[in-house]
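Dear colleague,

Please find below the structure that I am handing over to you.

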Amino acid sequence: MHWKIKALIQKGIALLPESLSYEVYYWIQRHFGNLKRVNPVSRLNAGIEIWKRAKSNGYDPDNKSFFEVGTGRIPLVPIAFWLMGANKTVTVDLNPYLEEELVRESMKYICDNFAEIEQLFGPLLVRDRFKSLLQLTSEGDFSVPGLMQLCHIDYIAPGDAA
């Protein structure tokens, strides 16, 4: 989409009351934007790259706590950190964009494509944690709070990281 059209749409949505603007923006993204199909691989890969850069700079991220700004709709980077051995991630977003529907779809993708995800992480993957994630996701009583608890993610939204 041309950036000027996108900017006009976003400006128009911003004029709506806050609670309605979140719903309208999500609906537009879900039907016309990059949320039509959920594929968590790129965001998981972003977490992996951050982890690798930390290691290449002499920092051992294993069993450490992380702080993420701008969680977005799915906490995939904190999940990636946990799958590689992070102790905890505190993630903050100005807007409460987290969407259970997208989290569920992402976790389903991970379960349905577990071999691809294992290959993506390679030797960085903590296999017991991955097994726990797959088990939680495949259970009938999956919940986002349960996922956050399992992966030691503290989600703060709305929140100002400043």
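This is a predicted model: local features need pLDDT of at least 70, side-chain atom pairs count only at pLDDT 80 or more; totals for chains, interfaces and linings use all residues.

Helix H2

Helix H2 covers residues 18-32. Its 15 residues reach 21 Å from the first C-alpha to the last, close to the 21 Å expected at 1.5 Å a residue. The buried residues of H2 are Ser21, Tyr22, Tyr25, Tyr26, Gln29 and Arg30. They cover an arc of only 160° around the axis, and therefore lie on the same side of H2. The face turned away from that buried side carries Glu23 and Phe32, both exposed. Among the elements that cover the buried residues of H2 are helix H1 (3-14) and H5.

Serine 21 deserves a separate word. This residue of H2 has a relative accessible area of 11% and counts as buried, because the cut-off for that class is under 20%. When neighbours within four places in sequence are left aside, serine 21 is in contact with Ile13 and Leu16.

Helix H3

Helix H3 is formed by residues 41-56. It has 16 residues and reaches 22 Å between its first and last C-alpha, close to the 22 Å expected at 1.5 Å a residue. Buried positions in H3 are Val41, Leu44, Gly47, Ile48, Trp51 and Ala54. Seen down the axis of H3, these buried residues fall within an arc of 150°, so they line one face of the helix. On the other side of H3, the exposed residues are Ser42, Arg53 and Ser56. The cover over the buried residues of H3 includes strand E1 (65-69), together with helices H4 (76-84), H5 (100-112) and H6 (114-121). After H3 comes glycine 58, with a positive phi near 85°.

Alanine 46 also belongs to helix H3. With a relative accessibility of 22%, alanine 46 counts as partly exposed, because that class lies between the 20% limit for buried and the 50% limit for exposed. Alanine 46 is 15 residues from histidine 31 in sequence, and their C-alpha atoms are 25 Å apart in space.

The pair H3 and H6

How do H3 and H6 pack, at what angle and with their axes how far apart? The angle is about 25°, and the axes are 10 Å apart. H3 is therefore roughly parallel to H6, since angles under 35 degrees fall in that class. The crossing in which H3 passes H6 is right-handed. On the H3 side, the contact is made by Val41, Leu44, Asn45 and Ile48; on the H6 side, Glu116, Ile117, Leu120 and Phe121 take part. Val41, Leu44 and Ile48 are also among the buried residues of H3.

Aspartate 141

Aspartate 141 is placed in the loop between helix H7 (127-138) and helix H8 (144-150). Is this residue buried or exposed? Aspartate 141 counts as exposed, at 59% relative accessibility. From aspartate 141 to tyrosine 26 there are 115 residues in sequence and 25 Å in space, C-alpha to C-alpha. Tyrosine 26, for its part, is one of the buried residues of H2.

Yours sincerely

Key: Residues are numbered from 1 along each chain as its sequence is written. Side-chain values use heavy atoms; hydrogens and water are left out. Helices (H or I, at least four residues) and strands (E, at least two) are DSSP runs, numbered from the N terminus. The expected span of a helix is 1.5 Å times one less than its number of residues. Buried means under 20% relative accessible area, exposed over 50%, partly exposed in between (1.4 Å probe, protein chains only). The arc is that of the directions from the helix axis to the C-beta atoms. Contact means heavy atoms within 4.5 Å. Axes are lines fitted to C-alpha atoms, for helices over the stretch in contact, and angles run from 0 to 180 degrees between N-to-C directions. Angles under 35 degrees count as roughly parallel, over 145 as roughly antiparallel, 65 to 115 as roughly perpendicular and the rest as oblique. A crossing is left-handed if the near helix is turned anticlockwise from the far one by less than a right angle, and right-handed if clockwise.
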